[in-house]
Amino acid sequence: MLEKINNTNDIKKLNQDELKQLPEEIRQFLIQSLSQTGGHLASNLGVVELTIALHLAFELPKDKIIWDVGHQSYTHKILTGRRDQFPSLRQFGGLSGFPKTGESDCDCFNTGHSSTSVSAGLGLAAARDLKGQSHKVISVIGDGALTGGMAFEGLNNASKLETNFIIVLNDNDMSISRNVGGLSQYLGSIRTAGVYQDLKNGVLESLHKIPVYGERLVRKIRRTKSGIKQLLIPGMLFENMGILYLGPVDGHDINKMTAMFQKASRVNGPVLVHVLTEKGRGYEPAVRHPARFHGTEPFDIETGLVKKKKHKAAYTDVFSTVMRKLGDRDEKLAAITAAMETGTGLKRFHNMFPERFFDVGIAEGHAVTFAAGLAAGGMKPVFAVYSSFLQRAYDQVLHDVCLQDLPVVFAIDRAGIAGSDGETHQGIFDISYLMSMPNMVLMAPKNKWELSDMIKYALQQKHPAAVRYPRGEAYDGLEGFRAPVVLGKSEVLYEGGSVVLLAYGSMVKTALEVRERLMQEGTACALVNMRFAKPLDKDMLRDAAGTYDLVVTMEENVRPGGMGEAVVEYLDSIGAQVPVLLAAIEDGFIPHGNAEVLKREAGLDADSIADNIKTAMKRIRRKTVGI
């Protein structure tokens, strides 16, 4: 059947027998394709029938579907003519793993972070109404994403709408790790209320049979604000917010969902369709281990095991070990995650110290202020979070942590170029937005041992502290360089020469390669491990300005507001005349692709930096001899 789907809406040409066969073909295609490229498997296997039903019920691209987060949009891409591009999935210049308006006119809104679809859909619906148009707008949001506060801000605003707006709640009891909290429990109670429709119909039929008074009772119940649903489903959260609730409906029954979506299309107002799906459906390893197959590397289909085994511990593993050991030593240590227990390496801590582990769901802003409350109460909270997701809590970091100078530790994973997830997941802004915050201490380790030392050091501070580290294998070089961590002090690794490399965090390894290339060509080069972006080592910078012909700053972050600019600002303030070359990401976003390829494209690889240094030194020499 897949051979018959090459363009948008081709699915509407299939008959019922063909539609029954299609989900299995799509699942087999996804399993086969992602076993080669990697990608988000479990979430996509769970929404195959849901996506088919949406494409049958609505007319794309006229109607607009917004996929919350968007990592579950693979079937949508297949049904809109992008199947042949899957061999390039998440590769540089290839098919994105998320909706992209530049890829297809059926992708109406770029997504990548959680809990945004209701707000975006509401805006699209308002624009439709203002322009006098009549198309449908559908926001698809998962139960995990619904824990984000922004989703409820959108729902609250949607309740005022008097025209059609459809919200599809994809409920699989999972975000990445298993869902937690009151909302999850609430949705669980609805799951168990599968007899609701039958019971409601039975009550109404019985009332209709009562002579004279039966019809009056039915009319009265329907006029009652809470309605008959209030009698049968505790709370009816969505109905109480003014949003019509339909469901729950089997998320793997195409016909039932299609009929439900068509019914929802006739509602003059906001309507939520509750769909129950199974994450990983159709592939047993993904059903058993949905968190592991949330985002997977290439894997063996028969066993489900990743093909490329890790030979070295990742930075996340190092952090996990440190937290586990420190948990034994300090009963005040607490760990916080925003639905990323496994991804951030806190599973071991959770297993050992469950009373001091807190998964707050996909709610980064709440996580930060919750951590601030823990710190104000005398605990030592560590919030482990991906760099890209911490930026969702900018105000809370500034207002609730830094303003009160509370000792919250931010363990910032996947800092820098993170790779194949693309623009929305690259951790290239945290240096810039944290540098501007008073009281914040900002560190980055050169290798796995320094990460351990910095986490321990951060927990000794009485101020906010952030430790950023990259995705992937932890660098195990420079083992012999392990000077004690001292606030605002760098670590000089090599001296001498006319050029000094000031490398921060992950760029120390690259700086070693740059130094080797320059030394081979006759340019002596010093290397400093910056350790701190804030506060800067001003004594070292002052000495460097009077010693070297060229200062080179190296950071895996955007240039605006970064460490390099802070170095330039300080050197200018003391009247230093030494030229400074900034190796950083120019003002812009980084697309999806292999991390090493992306670094080369951004000019952050050793060859590019070495070439730029050689060019700069030629200019300096020409200026020196008066050419």
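Where does Val408 lie? Val408 sits in the loop between helix H18 (394-402) and strand S9 (409-413). Helices here are DSSP runs of H or I with at least four residues, strands are DSSP runs of E with at least two, and both are numbered from the N terminus. With a relative accessible area of 0%, Val408 is buried. Buried means under 20% relative accessible area, exposed means over 50%, and partly exposed is in between (1.4 Å probe, protein chains only). The C-alpha atoms of Val408 and Val306 are separated by 36 Å, and these two residues are 102 residues apart along the chain.

A word on the source of these values. This is a predicted model, in which local features need pLDDT of at least 70 and side-chain atom pairs count only at pLDDT 80 or more, while totals for chains, interfaces and linings use all residues. Residues are numbered from 1 along each chain as its sequence is written, and side-chain values use heavy atoms, with hydrogens and water left out.

**Strand S5 and its partners**

Let us turn to strand S5, which covers residues 270-276. Because 6 of its 7 residues are buried, strand S5 is largely enclosed by the rest of the structure. Strand S3 (residues 165-171) runs parallel to S5, and 7 bridges join the two. Here, two strands pair if DSSP finds at least two bridges between them. Within this pairing, Asn170 has Val275 of S5 as its bridge partner. Strand S4 (residues 244-250) is also parallel to S5, joined to it by 5 bridges. There, Leu244 stands opposite Val271 in S5.

The peptide bond from Leu60 to Pro61 is cis, with omega near 5 degrees. Pro61 belongs to the loop between helix H3 (48-57) and strand S1 (64-67). Another cis peptide bond joins Lys534 and Pro535, where omega is about -5 degrees. You will find Pro535 in the loop between strand S15 (532-534) and helix H22 (538-547).

Arg90 is not a glycine, yet it has a positive phi of about 65 degrees. This residue, Arg90, is placed in the loop between helix H4 (74-82) and helix H5 (117-130), and its 8% relative accessibility makes it count as buried. Asn439, again not a glycine, has a positive phi of about 75 degrees. Asn439 lies in the loop between helix H19 (430-435) and strand S10 (441-443), and is partly exposed with a relative accessible area of 35%.

**Salt bridges**

How many salt bridges does the structure hold? There are 35 of them. A salt bridge is counted when a side-chain nitrogen of Lys or Arg is within 4 Å of a carboxyl oxygen of Asp or Glu. Side chains of opposite charge can pair when their charged atoms come close. The table shows some examples.

| Residue | Partner | N to O distance |
|---|---|---|
| Asp129 | Arg128 | 2.9 Å |
| Arg392 | Glu364 | 3.0 Å |
| Asp611 | Lys614 | 3.4 Å |

In the pair of Asp129 and Arg128, Asp129 is partly exposed at 31% relative accessible area, whereas Arg128 is buried at 4%.

Arg392 and Glu364 meet in a salt bridge. This pair links distant parts of the chain, 28 residues apart: Arg392 is in the loop between helix H17 (387-390) and H18, and Glu364 is in helix H16 (residues 364-376). Arg392 is partly exposed, with a relative accessible area of 28%, while Glu364 counts as buried at 5%.

Asp611 and Lys614 both lie in helix H25 (residues 606-624), 3 residues apart, which is about one turn of the helix. Asp611 is partly exposed at 40% relative accessibility, and Lys614 is partly exposed too, at 24%. Salt bridges that share partners also join Lys77, Arg82, Glu103 and Asp107 into one network.

**A positive surface patch**

Finally, Lys325, Arg329, Arg348 and Lys456 form a positive surface patch. Patches are made of residues with over 30% relative accessible area and no salt bridge, with like charges joined within 9 Å and nonpolar side chains (Val, Leu, Ile, Met, Phe, Trp, Tyr) within 5 Å. Lys and Arg count as positive and Asp and Glu as negative, while His and the chain ends are not counted. The place of a charge is taken as NZ of Lys, CZ of Arg, CG of Asp or CD of Glu. Accessible areas come from the Shrake-Rupley method with a 1.4 Å probe, and for residues only the protein chains shown count as cover. Arg329 is part of helix H14 (residues 315-329) and counts as exposed at 58% relative accessibility.
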